[in-house]
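Hi,

Here is the structure I said I would pass on.

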Protein chains: 2
Amino acid sequence: MKIDAVDLFYLSMPEVTDAADGSQDALLVRVAAGGHIGWGECEAAPLPSIAAFVCPKSHGVCRPVSDSVLGQRLDGPDDIARIAALVGYNSMDLLQAPHMLSGIEMALWDLLGRRLSAPAWALLGYSASHGKRPYASLLFGDTPQETLERARAARRDGFAAVKFGWGPIGRGTVAADADQIMAAREGLGPDGDLMVDVGQIFGEDVEAAAARLPTLDAAGVLWLEEPFDAGALAAHAALAGRGARVRIAGGEAAHNFHMAQHLMDYGRIGFIQIDCGRIGGLGPAKRVADAAQARGITYVNHTFTSHLALSASLQPFAGLEADRICEYPAAPQQLALDITGDHIRPDAEGLIRAPEAPGLGLQVAASALRRYLVETEIRIGGQLIYRTPQL
Amino acid sequence: MKIDAVDLFYLSMPEVTDAADGSQDALLVRVAAGGHIGWGECEAAPLPSIAAFVCPKSHGVCRPVSDSVLGQRLDGPDDIARIAALVGYNSMDLLQAPHMLSGIEMALWDLLGRRLSAPAWALLGYSASHGKRPYASLLFGDTPQETLERARAARRDGFAAVKFGWGPIGRGTVAADADQIMAAREGLGPDGDLMVDVGQIFGEDVEAAAARLPTLDAAGVLWLEEPFDAGALAAHAALAGRGARVRIAGGEAAHNFHMAQHLMDYGRIGFIQIDCGRIGGLGPAKRVADAAQARGITYVNHTFTSHLALSASLQPFAGLEADRICEYPAAPQQLALDITGDHIRPDAEGLIRAPEAPGLGLQVAASALRRYLVETEIRIGGQLIYRTPQL
């Protein structure tokens, strides 16, 4: 097959707030090749990503992503790796390129899987898609009471694992954070998996983060996520060396394999969290999963948006039976729910798994998404270089 | 002062080729505050960078760069650091943001320096701007003979130091590369500083790079630049450990302080090369210079474009007397030369230095640049969100 077309769709809720909720808009990618269609989704700012696909080239290694994708052969997984490497080299100086590529790469696996009647995880080399324990990813409430109620509600909804993040944590006192974290534990009950995500709030301040460790251990928290700037590897390693039971998690910002590798090798994290919509798609994510296995580090997906993104993010570790915990977008915006007509739901044992169906295994509900389209138009020197295509 | 306006200008040569020549287009930044004007330049793809400034927000930490800049106070260097930190946090998930911020941050130093009648290097804490030995940054010829002639021409033009890069190196045999490198040495003469830049051609293949070490040492090459993917830290360290005299150089792709730190601490490089148009401007570059000093690593600017970018890139190490070698764009496109009305020229001893004049110390030749303007227009939902402003 030859890649005939790549279409980009900027979708958004009518109103976008300052909440740390990445499901408020989306950049959906449709790829056509050999009469087949594949879908992917970038976890990225839509307009700069579209620009990274259509922009005029600046020089030999600052070329638009489209230059390395359109017209390429797509007959097997090796072609996907080859196209990704082409983008990596030809768009070396275009910073946004990996975020744009991620949705395309995802769509290539979806398309290839449909063409070959195989789920993406099988094309990645796995022989089975194992069940994962989904954790609800929730925002801390403004008050401990609100957090407690959210945890109770998640438990009622069947989640035995919950991650609370962002909100007030790290912005006030250690005692105020303790109230929030203990409220989360109280709401979840003593036996659930509890995780805490602080969204890089401590910058590089190891002492500020370390001051929260006793509470995290007292509440039996499994991991502390993103305590620092993603690049502050020495700070991560220092915190990991403080003797707490809670382990450090990170990696969602990794936009290539190496960034994830550095967190594992130099940052001493215990959980590596990969967003397939940012790291360049399933290929580099699978490479991270392999590297994590070799190091005894647990691989976890990072997914806050649609079930298309969820399926993509499950594929790279679908076959790893021991890496059981997975992120599940428990309260996304309606847009994210509407992206697929079908959804990944927990089974009778409360487990979810990457679909057995070909490709990413879900149907994109194109017509239902038209109402979310953000009509976009870019002109360069009077020439139209991008206009929202027909969905 | 309050930041009243940030205007972005996409400039380009009439034709842009596939050469690894970053001076073929430019994204010029004009900042206005308190009746003063400052200029900066992003070393970045213009359209995705403009999009990173004007895009609608996606969520709380995927906001456009403009959100954290417009309307901010600017009274001293601390304000520049504060604004950069705001962008870092609020645009955490917008990958292109650091490339966009770089030109703005540069312009803030230029503007603040003009307001305070001080060169940027003085505001950065240096007491003097020391002379640097400029090296001509040239592309390898298609043949060794062409390379030899380019080296001779550079010597005739007064350059005692030359870096050759890109072109055929690493794409053919070890012997072919040796012919090229020895031709460069022959053309330059035995006493000149010779550097070689291979633009990440070896990916992560340590053996392929190591096979070139004997030639590099035989030719007395000072550094081998970017042998690998910028993130392949272990490969860098492995090559540095092979016992060659030539040292490894890298860092131009660093889009934050930490990436440069990782190359120094984990990649064992000997020269850290920073492009102020990518790393987020002068502030993070100065932090790298301080860190390099502490580690006995030589700081070098990375500059392939205009003299505005050259001045900006000299500021962060202007006061480091021992770090004497600096990159000088010896054969840029006319656009790059036309960006400033005045230029940084070698003195009688062949040395250049960051200007003594306030800010970045150069005058931007706005009216001469109008012929390079690439008229750009972006509409979202029928609303015009960017149109090339008046230059």
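Below is what I found, going from the chain pair down to single residues.

Before anything else, please keep in mind that this is a predicted model.

**How the two chains relate**

**The interface**

On each side there are 63 residues to look at: 63 of chain B are in contact with 63 of chain A. The size of an interface is often given as the accessible area lost when the parts come together. For chain B and chain A the buried area is about 4,700 Å², and carbon and sulfur atoms give 58% of that.

There is a polar side to this as well. The count of residue pairs in polar contact between chain B and chain A is 28. Which elements of chain B give two or more residues to the side that touches chain A? They are helix 1 (46-54), helix 3, helix 9 (233-240), helix 10 (257-265) and strand 12 (376-380). Helix 1 of chain B has the largest share of that side, with six residues.

Eight salt bridges cross the interface between chain B and chain A.

**A histidine worth a stop**

B:His255 sits in the loop between strand 8 (247-250) and helix 10 of chain B. Is B:His255 buried or exposed? With a relative accessible area of 9%, B:His255 is buried. Leaving aside residues up to four places away in sequence, B:His255 touches A:Leu95 and A:His255 from the other chain, plus B:Pro98, B:His99, B:Arg278 and B:Ile279 from its own. The side chains of B:His255 and A:His255 are joined by a polar contact of 3.3 Å. For a sense of scale, B:Ala357 is 102 residues from B:His255 in sequence, and the two C-alpha atoms are 28 Å apart in space.

**Salt bridges within a chain**

Over all chains the structure holds 50 salt bridges. Here are a few that stay inside one chain.

- A:Asp79 pairs with A:Arg82, the closest N and O atoms being 3.2 Å apart. These two are three residues apart in helix 2 (residues 77-90) of chain A, so about one helical turn separates them. A:Asp79 is buried at 14% relative accessibility, whereas A:Arg82 is partly exposed at 33%.
- A:Asp75 forms a salt bridge with A:Arg73, with 3.1 Å between the closest N and O atoms. A:Asp75 is partly exposed, with a relative accessible area of 43%, and A:Arg73 is also partly exposed at 43%.
- B:Asp4 bridges to B:Lys2, with the closest N and O atoms 3.5 Å apart. B:Asp4 is partly exposed at 48% relative accessibility, and B:Lys2 is partly exposed at 42%.

**Cysteines**

A search of the whole structure turned up zero disulfides over all chains. For A:Cys42, the nearest cysteine sulfur is that of B:Cys62, 12 Å away. A:Cys42 is buried, at 2% relative accessible area.

Most residues other than glycine have a negative phi. A:Glu226 is not a glycine, yet its phi is positive, at about 45°. A:Glu226 lies in the loop between strand 7 (221-225) and helix 9 (233-240) of chain A, and it is buried, with a relative accessible area of 3%.

B:Ser117 also has a positive phi, near 50°. B:Ser117 is in the loop between helix 3 (97-116) and helix 4 (120-123) of chain B. B:Ser117 is exposed, with a relative accessible area of 59%.

Cheers

Terms used: Residues numbered from 1 in each chain as written. Chains lettered and ligands numbered in written order. Predicted model: local features only at pLDDT ≥ 70, side-chain atom pairs only at ≥ 80, totals over all residues. Heavy atoms only, no water. Disulfide = S-S within 2.5 Å. Buried < 20%, exposed > 50% of the residue type's maximum accessible area, 1.4 Å probe, protein only. Helix = DSSP H or I, 4+ residues; strand = E, 2+ residues; numbered from the N terminus. Contact = heavy atoms within 4.5 Å. Buried area = accessible area lost by both parts, 1.4 Å probe. Salt bridge = Lys/Arg side-chain N within 4 Å of Asp/Glu carboxyl O. Polar contact = N/O pair within 3.5 Å; in protein donor to acceptor, adjacent residues only side chain to side chain.
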